[in-house]
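Hi everyone, thanks for making time for this.

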Amino acid sequence: MRDYLVIEVDVGADPSAWRTAEARVLETGAWTKVAERRRFSIFLEAERPPSYRHLPNVAGGLIGDVFDADAARQGLGRDFELLGVGGDPQDIAARLVGRAFGRYVAIFSDEQGAARVPRDPLGVMEAIGWRRGALRFIASRLPDLPALWPETLAIDWDGLAAILRQKNLASLICPLVGVTSYPPGVLAGPDGAGPRLWSPSFFARRPRPKADPGELRHLVDGVTAAWALGREGVFCEISGGLDSAIVAASLKSVGAPLVYGVNHSFPRDESDERLYARAVAEKIGVPIEVVDRQMLIIAPEKLRGAAGGPRPNYVGGDPDHDADLAARLSAPGVDAMFTGRGGDGMLYQMAHPSLVRDVLRGASAGGRRRGLSLLARRNATTVWDLLRRGLSTKDLTAGLGVQAFLSDPTAAAATTRHPWLEEARGLAPAKQLQVLALVNGLSSFGESQRHRAGDVIDPLMSQPVVEFCLSVAAGRLAVGDNDRPFARAAFADRLPSLVLNRRGKGDLTTYFAQSLRGSLKALRPYLLDGRLAAAGLLDRARLDAALSPERLVWTNISSEVFVILALEAWARCWTDRLAAAAGDGARQARAS
């Protein structure tokens, strides 16, 4: 996970507590102290430490990977040079956000007060904080040292309820009492608040009408080359779709140490993409390993693999997939995997009727009349109906939760909206939808089996690519002879015609619905007698009715069930962890 831990002592406090905490951390053998600056020390995990650099001209530190965004725009991968970034924390943070990208957390010390924490704008690196007496901790996770945890640590059931109402808040809220979440792209103080330095709406409001597909090609190559710097060996998920094909081809083009591609083949015709994945591998000249999947049996113990982090996430929803990728990342000679995740939203695979506004402005391929015809065809409707639906006033930033299964008090509470979505309400609907897709994808940076085993890299979710795609008219990205015409034009010569000209993508809806149905014997008691239901967040009767073979197969509720499973697994994991810590504390008290 590339974990880190920062221990800061209050101004004027007795430093003995600081030194005692340091000793506890070092005694575990799991951490290495790499720096001591003004009133704080920095520890990195011993097994797979993240990078660390002192920040010049300021008593601070920079943890993680930081790359040069200008180099990426030229198709080059280069580390970001820190010399000359200045000495004022606000200026340094602005320089990092404006001229760099990667996964990082910086610590800016101050002679008078607590350190401030800027986190990379997409939140690729986790950042939470808490207090214990005169000490403040900043970390990627709560270490296995309960003596250093906040004394009030408990599950924040209101926070979990907020995530159930709006699932994309999982990347923003840390539902633990006593723990502060440091939001991405913010120069945050101890309470997590501070000036916002980055917002997707900023780029969406500054369109680039003359943007060229070649710029996207350079950008993807540049960020891919940056993430591949210093790698021993990498593999790439090649699903058979456009996005992963683009990333695989870019890896090959920039000379990354690409060992092989991997494709998971599912036992249904509509989800079997081996033919397309093999075509990609043959085109770029790399071997491909195909994993023939069977129906997924979702045993509760499997779900814990992605549930141990400081906040819930949905990346481990298919635990067999997660376990396979973790095993591959643990193999000798492999230190990272690359994916095409995020391409659906950033390259704009969606064919939403709101795109009609861009078409009417001339911001699509083939002119207005042809653009309307193409968009109507993708929506399986007439041009007139498309116009009616696309020109109606709507807010596409609302997002979704699991409202159908909430208890009445939980459902009646006010819904919190992600701040990026709140800011996006003034955008055109098609851009609102793109920002929503970005926010929905952020929780996949969270903890999972694969993230613990090695580095998981999503080049299409890199900051320069995200900024570029947000600034290109949605119609140019989305409306053409095929979906994602802008991206197809950018990478046409690198992709096999079978993938380049493919319409549609693999569909796993039925596979996962049938997997849930086949797992009901274990999942029904797991959820109906679970922590969320016991806390009054879910309505047992509604959930009981939904967890039937007929309902799972004939209604489209699988995604909601997977959200509930992810949060239930997280709640159980933390309930057990807190109980174990309490038990250890009681035993130590009796022994003393």
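Let me begin with a convention: a crossing is called left-handed if the near helix is turned anticlockwise from the far one by less than a right angle, and right-handed if clockwise. Helices (H or I, at least four residues) and strands (E, at least two) are DSSP runs, numbered from the N terminus.

Two housekeeping points. This is a predicted model, where local features need pLDDT of at least 70, side-chain atom pairs count only at pLDDT 80 or more, and totals for chains, interfaces and linings use all residues. Residues are numbered from 1 along each chain as its sequence is written, and side-chain values use heavy atoms, with hydrogens and water left out.

Now, to the helix pair. Which hand does the crossing of α6 and α7 have? It is right-handed. Helix α6 spans residues 213–227 and helix α7 spans residues 242–253; they pack at about 70°, with axes 9 Å apart. Axes here are lines fitted to C-alpha atoms, for helices over the stretch in contact, and angles run from 0 to 180 degrees between N-to-C directions. The two helices are therefore roughly perpendicular, a label for 65 to 115 degrees; under 35 counts as roughly parallel, over 145 as roughly antiparallel, and the rest as oblique.

On the α6 side, the contact (heavy atoms within 4.5 Å) is made by Val 220, Asp 221 and Thr 224, and on the α7 side by Ile 246, Ser 250, Leu 251 and Ser 253.

Next, the sheet. It is open, with three strands in the order β4-β5-β6 and antiparallel pairing. β4 (52–55) and β6 (100–108) are the edge strands; each has a single partner, so one side of each has no neighbour in the sheet. Neighbouring strands are turned by 35° against each other on average, direction ignored.

Strands count as paired if DSSP finds at least two bridges between them. β5 (residues 60–68) pairs with β6 over nine bridges, while β4 and β5 pair over four. In the hairpin of β4 and β5, with four residues between the strands, Asn 57 takes a positive phi near 65°.

How many residues of β5 are buried? Nine of the nine are, so β5 is largely enclosed by the rest of the structure. Buried means under 20% relative accessible area, exposed over 50%, and partly exposed in between, using a 1.4 Å probe and protein chains only.

Finally, two single residues. Arg 328 sits in helix α10 (residues 319–329) and counts as buried, at 13% relative accessibility. Leaving aside neighbours within four places in sequence, Arg 328 contacts Phe 235, Tyr 260, Val 262, Glu 289, Val 291 and Val 334.

Cys 174 is in the loop between α4 (157–165) and β11 (176–177), and is also buried, at 7%. Not counting residues up to four places away in sequence, Cys 174 touches Ile 128, Val 179, Ser 181, Pro 310 and Arg 311.
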